[in-house]
Amino acid sequence: MTEIHALPKAELHVHIEGTFEPELIFEIAARNRVALPYANVEALRAAYDFSDLQSFLGVYYAGMDVLRVERDFYDLTIAYLRRAVAQGVRHAEIFFDPQAHLSRGIAFDVVVNGIRQALREGERDLRVTSHLILCFLRDLSEESAMETLDLALRNREKIVAVGLDSAELGNPPSKFVRVFDRARAEGFLTVAHAGEEGPPEYVAEALDLLKVARVDHGVRCMEDPALVQRLVRERVPLTVCPLSNVRLRVVRSLEEHPLKRMFDAGLLVTVNSDDPAYFGGYVGENYAGVAALGFTTEELATLARHSFEASFLEEPLRRRYLEEIAGVDGSELQDAALP
Ligand code: HPA
Ligand code: ZN
């Protein structure tokens, strides 16, 4: 585990609200005098037994309800950065869900300013670079997404890309074509969760209709060989989250996770944590988990290389991080391939 942490890596799929650890939820709830429907940290953790994405989302939205002021978002984000850096994360592209806060009466600026204060501090004191990606909640309306995009445009320089998350089934990418057209016209990059619970067709829609630069999850592409060929040919990055897929029962077990098959098929797969406070591990635990799927030490380093290749980093910095990987002594990673 310590060895896998020595590998410099980028994390490209992490929801900041999904890094909210139970201890911090209780601390902030007490500070904000918010009553929680759980007696203590253990009782809250006991609720983390999910049957699918929807059953997780209920607990996820309940947890973030205690976030009220800028300092809360700062505390949340700096805690994530400290853990990520300890596991070798050198660059993080972080999702946030403004609609989940706006609907509770929390202003966009409160959310973004709190997060960004931590990101600046991370860059200065922890040597981790970062970008912010605004996610639209796909189970809300196109109109609500468009209003949220208006707010994003007033914060144009703070946000690198827009994405799509929350309940996938029944909310295909096609629902947000106009929102994404406008976002791209304004210079945002685009990504979308697709092919997590939704079918391979949603992955194709994300590419064709939303012109995404990356697909988040995308694991269900494996049901469509022609789609896999296309993703390989076009070098479309997939931000895979193995422990999330196990916890939300997208796959039956880690042993059955398709990541190694995806890698061997030539897909540009990356390893990420999604909602680490809820799914049993940060990015390091995800790398350690998939190491047991038969990745060699060199292949684990390739996964880390993929993470920088798939990132939205500027070229000189991307190259510098890739050179850092080249500088890691292979023997430091030997034990990483052990289960
Ligand atoms: N899938 C979709 N939406 C989400 C997730 C996820 O895993 N985590 C937070 N929002
Ligand atoms: Zn996600």
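**The cavity and its ligand**

Analyst: In this predicted model, the largest cavity holds about 110 Å³ of space. Of the 14 residues that line this cavity, the closest to its centre are His15, Leu53, Leu57, His193 and Asp275.

User: What makes the space count as a cavity of 30 Å³ or more, and how many are there by this rule?

Analyst: A cavity is a set of points where a 1.4 Å probe fits but cannot get out. The cut-off for the count is 30 Å³, and by this rule there is 1 cavity, with a volume of about 110 Å³ for the largest cavity.

User: What makes the approach of His15 to ligand 1 a polar contact?

Analyst: A polar side-chain atom of His15 lies 3.4 Å from a nitrogen atom of ligand 1, and the limit for a pair of N or O atoms is 3.5 Å, so the pair qualifies. At 2.7 Å, the pair formed by an oxygen atom of ligand 1 and an N or O atom in the side chain of Asp274 therefore qualifies too. Taken alone, ligand 1 exposes 260 Å², of which the protein buries 100%.

User: Which helix gives the largest share of the shell around ligand 1?

Analyst: Helix α4, residues 53-64, supplies 4 residues, the largest share of that shell.

Terms used. Residues numbered from 1 in each chain as written. Chains lettered and ligands numbered in written order. Predicted model: local features only at pLDDT ≥ 70, side-chain atom pairs only at ≥ 80, totals over all residues. Heavy atoms only, no water. Polar contact = N/O pair within 3.5 Å; in protein donor to acceptor, adjacent residues only side chain to side chain. Areas by Shrake-Rupley, 256 points an atom, 1.4 Å probe, with all protein chains shown as cover. Helix = DSSP H or I, 4+ residues; strand = E, 2+ residues; numbered from the N terminus. 1 Å grid on protein atoms, 1.4 Å probe; cavity = no way out; pocket = protein on both sides within 12 Å on 5 of 7 lines; lining within 4 Å. Points joined across faces, edges and corners; volume = space filled by probe spheres on them.
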